[in-house]
Amino acid sequence: MLAPLLLASLALAGCRTPAGSPLGPSLEPLPTRSVYVPDAADRGARRMAAAVLGGDAAAIGSAQASLQALEDERRDLGEAPSGLIPYAQHAVDATARSDLAYRRASRRLLERRDLDPALRRKLEIDVADDPLELAHLRLRDERQRRVTRAVNGVFTALGRSILNVAAAPWRLSQALVGIAVAEHNDAAISMQQRQALQYWKRFVEEHPTAPESRQLLDRIESLQRDWFEMKRERGVKAAERGLELGQYAEAFVFADRALRYAPEDREAIELLARAEALRNREREERARSVGVAAGPPPETGDPLARALLLALMQPDGDVEGAAAALLAAHPEGGPLAAEARFAQALALGERGEEDAMWQALDSLAEGDDPAVARHAAQLAGNVTQNPYAAFRKSISDRRTEAATFVALGPLADGARDRNLPRPVEWMLEGPAVIGTLGGIPGRLLQTSIAPPPARAPAIHARAYLKRHPRGAHAPELRRWLLDYESGRDNWIGAYALAEDSKPEERAELERKAAEQALSRARDQERRDIRLMLLREVANRYPDTPAGKRAMALAREEIERATSQRIRVSRGFLEENPRVAGPAGLGLRPALLDENARNGELHPEGVMLIGGRAIEVALLAPSGDSEDPPERRRQQMSPERLARLVSLLEETALRNALLDPLAAHGPDADRDLFFERARLGATDAPDFRATASSSYSFLGMRERYGMVRTHESILPVDLVIQGSLPSMSIGAFPRLRPPRETPDAVLYR
């Protein structure tokens, strides 16, 4: 029995080879450079460049013939092609008189099979930048979008009726109505048409004498009229909505904007006049309401009222006594009785009797004195002054919202806005009523599992605790907030509210809060902020494992602090061997040969840590890449560092040109360090945290996994769709709509 276990243990132990320590430094010596002697290809390329720059057609033809002869000679000798012929032709094409001629020449050059991948990609980008072709593509996208929307609507209706064939007719009718409404709501000129219009304008401006320009003028004028009409219609609708909502200044602005596109439009003129009149009246009323002359308060002939006024103005005034005296002199229904009761209500609040104060104010808000009722209602309904009432109301609104959603589903807010008359919109919702009622069990289950968010009650509860930390409802709201924060895994916020909790519950919350705070601190990229947060975790949670770990990490952070942390991963070096080779880092080949016995580079790779120093991460002696690496620091010569950063930038740009997914994002601090490295000015590193870069050059496998996902070449996806509220399931094909271009946001 023990023998098989022993053999299995030996086999498992043999699966991991201990890593050996690399002998000597990790970098090879910088290769010496001999004097470069130009060969025939170099001299031919020089003659070609001189001829192109000089614009001498005869010299260009002679230089091209010379290069072609050299290329034929290399082929006869069995040597690899130099690749100069396509570049020479590209240089000639770049001198074309117009971009039209240049694009035609580039299309012909793309037919060659011996193009360098980078040159081919550049030519493809240049050829694609054709205004007429781009306009044609955008119009094609517009047609495809409309067809896709209609076909998908029909397929979706039929696919959702697989389990309920009887519902297919009304679902299909709903889909057809939806398609018709969508067509009705489409803008007069779609986003794709606006893009095409811009491309046509660009072509006409750049080539006013081209034959295509004369043909485009009528189409440009037609689309421009549609564009102005759409802007006028949007301005009029926005102005009408502003008048309905009482936003007269906004309505004035939108009506004026509509007139800019249609100066003679009668509807916009009438809206502008109405908005201006209402805006001016609002301004007059506001000026009249604030136009009170400054000065001392008026004298009152009632000494008891004056005594109450003075008591209200003094910090330790006897407001209740003065109010009681005034009420005794002016019984119920007297001229100042309501004011006295208002003062008594305020005194109750100052004494800490919150509920009694708000009950008194609610009673005054329903009283007969309009001035006091208005003030009492304003105070009682103010969410800042009365956060507990706002909390209770938001809880009630949340329950009502959930109940309405369960009962009415998508019709909870009324018929959907389809830009049609409201009765017509309700008529179109008629077929959906049956499905809405049938989905009540599913929506009830959905609400039970995932209730609506409680952000508003949480805001009001926090406002109450901030205003009344020891108020009558503070324990209730603190417990509610504790459950709320725990439910959304905000352990830091929950621990801050656990002062009334049991010791064991508080200790558990402290542990979770410390772990969460430590995780957030480690996610910070800037060193100074990360160090500050680590110290805060260590000081706030000193008795937790996370707090002790934060102290150790802060100590390590200080010990390992460097001016830069620019990482070049092993995956990037393996995919780009030139960077790892003699022309770049000059890593010893043994570090990348997959043999752990002679030392191996850790997946972390190499770190540029500032100045001319680098940090090479090697596999730990265990040979496990999951273990912390063994780090070695070495100095580079200024020449090698300049070569390395230049090669890194060149490689990153070339990779991005060949594959957009390989693009590396911008980083100002990285670029500044690279520029200083090229100039040989890194011997005085900048240790400010704001000047430090933590950029990483990662390989494609590290960024996207072993296999990157590619979009199917088929324009159809198979969709399996289920709906929990309506307890239905369906399967149907769906045409893939055209993708929006990166500049689409400029045309919305």
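Hi everyone, let's start with a helix pair: helix H18 (residues 387-408) packs against helix H23 (residues 474-487) at an angle of about 45°, with their axes 12 Å apart. Before going on, this is a predicted model, where local features need pLDDT of at least 70, side-chain atom pairs count only at pLDDT 80 or more, and totals for chains, interfaces and linings use all residues. Residues are numbered from 1 along each chain as its sequence is written, and side-chain values use heavy atoms, leaving out hydrogens and water.

A quick word on terms. Helices (H or I, at least four residues) and strands (E, at least two) are DSSP runs, numbered from the N terminus. Axes are lines fitted to C-alpha atoms, for helices over the stretch in contact, and angles run from 0 to 180 degrees between N-to-C directions.

Back to our pair: H18 and H23 are therefore oblique to each other; angles under 35 degrees count as roughly parallel, over 145 as roughly antiparallel, 65 to 115 as roughly perpendicular and the rest as oblique. Their crossing is left-handed, meaning that the near helix is turned anticlockwise from the far one by less than a right angle, with clockwise giving right-handed. Who touches whom? Tyr388, Phe391, Arg392 and Ile395 in H18 meet Glu476, Leu477 and Trp480 in H23, with contact meaning heavy atoms within 4.5 Å. By class, that contact of H18 with H23 has five nonpolar, no polar and two charged residues. Here Ala, Val, Leu, Ile, Met, Phe, Trp, Tyr, Cys and Pro count as nonpolar, Asp, Glu, Lys and Arg as charged, and the others, Gly among them, as polar.

Now for helix H4 (residues 84-93) and helix H5 (residues 99-110), which pack at about 165° with axes 9 Å apart. That makes H4 roughly antiparallel to H5. The crossing of H4 and H5 is right-handed. Pro86, Gln89, His90 and Asp93 of H4 meet Tyr102, Ala105, Ser106 and Leu109 of H5, a contact of four nonpolar, three polar and one charged.

Next, the sheet. It is open, has five strands in the order E4-E3-E2-E1-E5, and its pairing is mixed; strands pair if DSSP finds at least two bridges between them. Which strands form the edges? Those are strand E4 (630-635) and strand E5 (696-697), each pairing on one side only. Strand E1 (residues 566-568) and E5 run parallel, joined by two bridges, and Val568 stands opposite Phe697 in E5.

Lying across E1, strand E2 (601-610) and E5 is H30, which runs at about 120° to E2. H30 (residues 638-658) also packs with helix H31 (residues 668-678), at about 135° and with axes 8 Å apart. H30 and H31 are therefore oblique to each other, and H30 passes H31 in a left-handed crossing. Leu641, Ala642, Val645, Ser646, Leu648 and Glu649 of H30 make the contact with Asp671, Phe674, Ala677 and Arg678 of H31.

Finally, confidence: pLDDT is the predictor's confidence in each residue, from 0 to 100. The protein averages 82, and 89% of the residues score at least 70. Over residues 1-16, though, pLDDT stays under 50, and the model has two contacts beyond four places in sequence for them. Thanks, everyone!
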